Amino acid sequence: DDGQGRSDRLVYIPMATTTVRTTLPSKTVEFAEDRSADERNANILFANIVITSPSVDLDPKHLPLVLVLMQPKPSSNAESSSERHALISRLLPKAHVKFSMHEPVIRIALPPVEKSAGDDDFDLIISSISSVSLEVESSHSAVGELHYSLASTFRVQTHHLYYQTSSA
């Protein structure tokens, strides 16, 4: 909503499927100060997230909104960062997360280059990908006190970037 009663759809996600299995709530209740890596790895998270045919449609008038969304949020430092780091390090689960997105597209509308175009016409920059996938595995290391290892694989298949004029 632009604040003046007019709304635009910037992001459209027709289908998203998520499967999550975790022991995080029960293992957090069992939280103990000094636990071995095996005990910390007993806290498990398996997740599979699939998003099908998402689209992002941007206009030049959306630029201020996108810039505001990209601004970092100020953080409050109630706890010291080392205490927070130690707590988070103990609660992190052994994880296996798969994320995939099928046929995402980003369309950016631009004013038409051709002078003969009508008022409702526009040119487009289109970015289309057949699929994007990210797989992340993590676990607590037995070496060292609070070492946490993370491995990831990122794949992009068939990316097309093209410009479409209003006369095409």
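Begin by selecting K98, which stands opposite E135 in β7. Those two belong to a strand pairing: 8 bridges join β5 (residues 94-102) to β7 (residues 123-140), and the two strands run antiparallel. Strands count as paired if DSSP finds at least two bridges between them.

A word on what you're looking at: this is a predicted model, where local features need pLDDT of at least 70 and side-chain atom pairs count only at pLDDT 80 or more, while totals for chains, interfaces and linings use all residues. Residues are numbered from 1 along each chain as its sequence is written, and side-chain values use heavy atoms, with hydrogens and water left out.

**Over to V20**

Now click V20, in strand β2 (residues 15-22). Which residues does V20 touch, not counting those up to four places away in sequence? The answer is L45, F46 and A47, where contact means heavy atoms within 4.5 Å. V20 has a relative accessible area of 48%, so it is partly exposed. On this scale buried means under 20% relative accessible area, exposed over 50%, and partly exposed in between, using a 1.4 Å probe and protein chains only.

**The salt bridge**

Select D57 and R107 and show their side chains, which meet in a salt bridge (2.6 Å, N to O). D57 sits in β4 (residues 55-58) and R107 in β6 (residues 105-110), so the pair ties together parts that are 50 residues apart in sequence. The rule asks for a side-chain nitrogen of Lys or Arg within 4 Å of a carboxyl oxygen of Asp or Glu, and by it the count comes to 1 salt bridge. D57 is partly exposed at 22% relative accessibility, and R107 is partly exposed too, at 27%.

Stay with D57 and bring up H62, which has D57, D8 and L10 as contacts once neighbours within four places in sequence are left aside. Is H62 buried or exposed? With a relative accessible area of 9%, H62 is buried. You'll find H62 in the loop between β4 and α3 (63-70).

Jump to H159 in β8 (residues 148-164). Its side chain makes a polar contact of 2.8 Å with the side chain of S127. A polar contact is a pair of N or O atoms within 3.5 Å; within protein, one must be able to donate a hydrogen and the other to accept it, and residues adjacent in sequence count only if both atoms are side-chain atoms. H159 and S127 are 32 residues apart along the chain, with 7.2 Å between their C-alpha atoms. Apart from neighbours within four places in sequence, H159 is in contact with S127, S128 and I129. H159 is partly exposed, at 44% relative accessible area.

**Zoom out**

Finally, colour by secondary structure: the chain has 4 helices and 8 strands, in the order β-β-α-α-β-β-α-α-β-β-β-β from the N terminus. Helices (H or I, at least four residues) and strands (E, at least two) are DSSP runs, numbered from the N terminus. Of the 168 residues in the chain, 18% are buried.
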